Amino acid sequence: MKDLLIPTPAGLYCPQGDFYIDPRDRVQRAVITHAHSDHARRGCRSYLAALPSKELLRQRLGGRAHIEALRYGESINIRGVRVSLHPAGHILGSAQVRLEYRGEVWVVSGDYKLQQDPTCEPFEPVRCDVFLTESTFGLPKYNWPAPEQEIARLEAWWRANQTRQVTSIVLAYSIGKAQRILASVNPEIGPIVVHDAVARHLEAYRATGVRLPKVKQCSDPMAILERGRCLLLAPPGARRSRWWQSFRPCAWAWASGWVLSRPQYRMNWGDSEDKSNPLVTGFIISDHADWPGLQRAIELTGAQTVWVTHGYTESLAAWLRHSGRTAVLLE
Ligand SMILES: [Zn+2]
């Protein structure tokens, strides 16, 4: 039988069903794993995605995009290919795409993690013949501490900053990471302020039943009153502009898996911009699977053939071959 998916310049293409998964180009029919910008792009004729991601996708793709939503586990038939979506545990509404055609099952993971996350459904292992996995953190050194441990470190850092009247700024992606932190920290420690880029997605989360604490938006003139005692969540790119100056003095921290390995995620870059910066630190909070997580996910699928894309693909492929599976490198 011909492969159910073909890598093309426009993205992963299913010839039997005539659709793409997370296409890079404007195609007729796109199946979308999740609402991050490198997976969901504007301009396709129609989109298929998991129901909890619909509002986030609407914001990303525009009001006129044609978005069809499936509940997790619900299946539809596209030209003889049975397509269903299953939780990937990455962000709200993130999905693995299961394709079944003439008895063969393929699963495209999209981005995923196995760690617990109060803002999305947990990763669901799906049995398949061929599994397509990401490998962003596909090296043995990537081994995440328990999320509760990192959240406890973050809360202790926040409290310590408060005693010196220093604002605690955490850099976290505006979709997913920021809401995960919001839903995890103890809001009784102090006020929470969010950058406008984070604020614009909160309603989509609350609409699906995710519980998030009350926050102020940093553009609200009243937010400045929280200076020196608030936790402030902002996307990484926001550190380049000057909006945060009114919250000085500030302590900065990344929330990322890269904190584990890349010095620039811990270095004191804030010094040049803010002489009062007392501390730059980082918390190992990732929305991707770590090395043991990748291995565990692959084992749970039972797949004998694994396609590997994005990140440290070579080392994951080497492990796959060593464990008796067939590995195919994409890109
Ligand atoms: Zn993602």
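1. Domain bounds here come from an automatic or database domain assignment. For the protein chain, that assignment gives domain 1 (6-141 + 288-329) and domain 2 (147-283). Taken over C-alpha atoms, the centres of domain 1 and domain 2 sit 30 Å apart. Their contact (heavy atoms within 4.5 Å) takes 19 residues from domain 1 and 18 residues from domain 2.

2. A word on what you're looking at. This is a predicted model, with local features needing pLDDT of at least 70 and side-chain atom pairs counting only at pLDDT 80 or more, while totals for chains, interfaces and linings use all residues. Residues are numbered from 1 along each chain as its sequence is written, and side-chain values use heavy atoms, with hydrogens and water left out.

3. Start with the six-stranded sheet. It is open, mixed in its pairing, and ordered β1-β2-β3-β4-β5-β6. Strands are DSSP runs of E of at least two residues, helices are runs of H or I of at least four, and both are numbered from the N terminus; two strands pair if DSSP finds at least two bridges between them. At the edges are β1 (6-8) and β6 (67-70), each pairing on one side only. From one strand to the next, the twist averages 30 degrees; for angles, axes are lines fitted to C-alpha atoms (for helices, over the stretch in contact), and values run from 0 to 180 degrees between N-to-C directions.

4. Inside that sheet, have a look at β3 (residues 19-21) and β4 (residues 29-31), which pair in the parallel sense over two bridges. Tyrosine 20 has alanine 30 in β4 as its bridge partner. Helix α1 (residues 54-61) packs on the sheet and touches β5 (46-50) and β6, its direction making about 160 degrees with that of β6.

5. Next, the seven-stranded sheet. This one is also open with mixed pairing, in the order β7-β8-β9-β10-β11-β18-β19. Its edge strands are β7 (75-78) and β19 (326-329), each with pairing on one side only. Neighbouring strands are turned by 25 degrees against each other on average, direction ignored. β9 and β10 pair in the antiparallel sense over five bridges, and tyrosine 101 has glutamate 104 as its bridge partner in β10.

6. Helix α5 (residues 291-301) lies across β11 and β18 (305-311), at about 170 degrees to β11. Helix α6 (residues 313-322) packs on the sheet by touching β11, β18 and β19, and its direction makes about 160 degrees with that of β18.

7. Now the metal. His34 (NE2), His36 (ND1), His90 (NE2) and Asp111 (OD) coordinate the zinc ion at 2.2 to 2.4 Å. Donors are N, O and S atoms within 2.8 Å of the metal (3.2 Å for Na, K and Ca), and water is not among the atoms, so sites may look incomplete. Histidine 90 lies in the loop between β8 (81-87) and β9 (95-101) and aspartate 111 in the loop between β10 (104-108) and β11 (130-135), so this pair ties together parts that are 21 residues apart in sequence.

8. Valine 107 counts as buried because its relative accessibility is 1%. Leaving aside neighbours within four places in sequence, valine 107 has contacts including Val97, Cys128 and Phe131.

Key:
Buried < 20%, exposed > 50% of the residue type's maximum accessible area, 1.4 Å probe, protein only.
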